[in-house]
Amino acid sequence: GDRSSLLITDGGGARWQPIEPLIGGTAAGTSQVVFFNASDGVVLGWDAQSVVPTIWHTFDGGQRWTAVVPGSS
């Protein structure tokens, strides 16, 4: 959500825990999560450390995430 970190469940929704490292945070969260297949996905949101728009992507089903900050070099 807009004020929470990305959460994951492996118990059918009975238990939830934050992705490590945190994606989003209480000051700035995630606004959209999209998976194109079982492996490839993106998260749109705000970086918790610098509070800038950020896109995270995964190619392994969410085991590892890489952050991209648009407009940064």
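**Entry 1. Surface and basis of the model**

I began with the accessible surface of the protein chain, which comes to about 4,900 Å², and carbon and sulfur atoms account for 56% of that area. Accessible areas come from the Shrake-Rupley method with a 1.4 Å probe, and for residues only the protein chains shown count as cover. I noted that this is a predicted model, in which local features need pLDDT of at least 70 and side-chain atom pairs count only at pLDDT 80 or more, while totals for chains, interfaces and linings use all residues. Residues are numbered from 1 along each chain as its sequence is written, and side-chain values use heavy atoms, with hydrogens and water left out.

**Entry 2. Strands and burial**

I looked up the secondary structure and found 0 helices and 6 strands in the protein chain. Helices (H or I, at least four residues) and strands (E, at least two) are DSSP runs, numbered from the N terminus. Along the sequence the pattern reads β-β-β-β-β-β.

I then looked up burial: of the 73 residues in the protein chain, 25% are buried. Buried means under 20% relative accessible area, exposed over 50%, and partly exposed in between (1.4 Å probe, protein chains only). Among the contacts in the protein chain with a separation of 6 or more, 20% are between residues 24 or more positions apart; contact means heavy atoms within 4.5 Å.

I turned to strand S4, residues 41-46. Its covered face consists of Gly41, Val43 and Gly45, and its uncovered face of Val42, Leu44 and Trp46.

Strand S3 (residues 30-35) runs antiparallel to S4, and 5 bridges join the two. I recorded the pairing rule: DSSP must find at least two bridges between two strands. A hairpin of 5 residues leads from S3 to S4. I found Phe35 opposite Gly41 in S4, and Thr30 opposite Gly45 in S4.

S4 and S5 also run antiparallel, joined by 6 bridges. Here Gly45 stands opposite Thr54 in S5.

**Entry 3. Gly45**

Leaving aside neighbours within four places in sequence, Gly45 is in contact with Gly29, Thr30, Ser31, Val52, Pro53, Thr54 and Trp56. I also looked up Gly45 and Ser5, which are 40 residues apart in sequence and 9.4 Å apart in space, C-alpha to C-alpha.

**Entry 4. The loop between S4 and S5**

I located Gln49 in the loop between S4 and S5. Gln49 has a relative accessible area of 75% and is therefore exposed. Between Gln49 and Ile23 there are 9.9 Å in space, C-alpha to C-alpha, and 26 residues in sequence.

**Entry 5. Nonpolar core**

Which residues make up the largest nonpolar core? I list 6 residues: Leu6, Ile19, Ile23, Val43, Trp56 and Trp65. A nonpolar core is a set of buried Ala, Val, Leu, Ile, Met, Phe, Trp, Tyr and Cys residues joined through side-chain atoms within 4.5 Å.

I followed the contacts of Trp65, leaving aside its neighbours within four places in sequence. Trp65 is in contact with Leu6, Ile19, Ile23, Phe35, Gly41, Val42, Val43, Trp56, His57 and Thr58.

**Entry 6. Nonpolar surface patch**

I found a nonpolar patch on the surface formed by Leu44, Ile55 and Val68, with about 190 Å² of accessible area together. Patches are made of residues with over 30% relative accessible area and no salt bridge; like charges are joined within 9 Å, and nonpolar side chains (Val, Leu, Ile, Met, Phe, Trp, Tyr) within 5 Å. Ile55 lies in strand S5, residues 53-58, and counts as partly exposed because its relative accessibility is 31%.

**Entry 7. Salt bridges**

How many salt bridges are there? I count 2, where a salt bridge is a side-chain nitrogen of Lys or Arg within 4 Å of a carboxyl oxygen of Asp or Glu.

Asp10 pairs with Arg15, with the closest N and O atoms 3.8 Å apart, and both Asp10 and Arg15 are exposed. The side chains of Arg64 and Asp60 also form a salt bridge, at 3.2 Å from N to O. Arg64 is exposed, with a relative accessible area of 62%, whereas Asp60, at 25%, is partly exposed.
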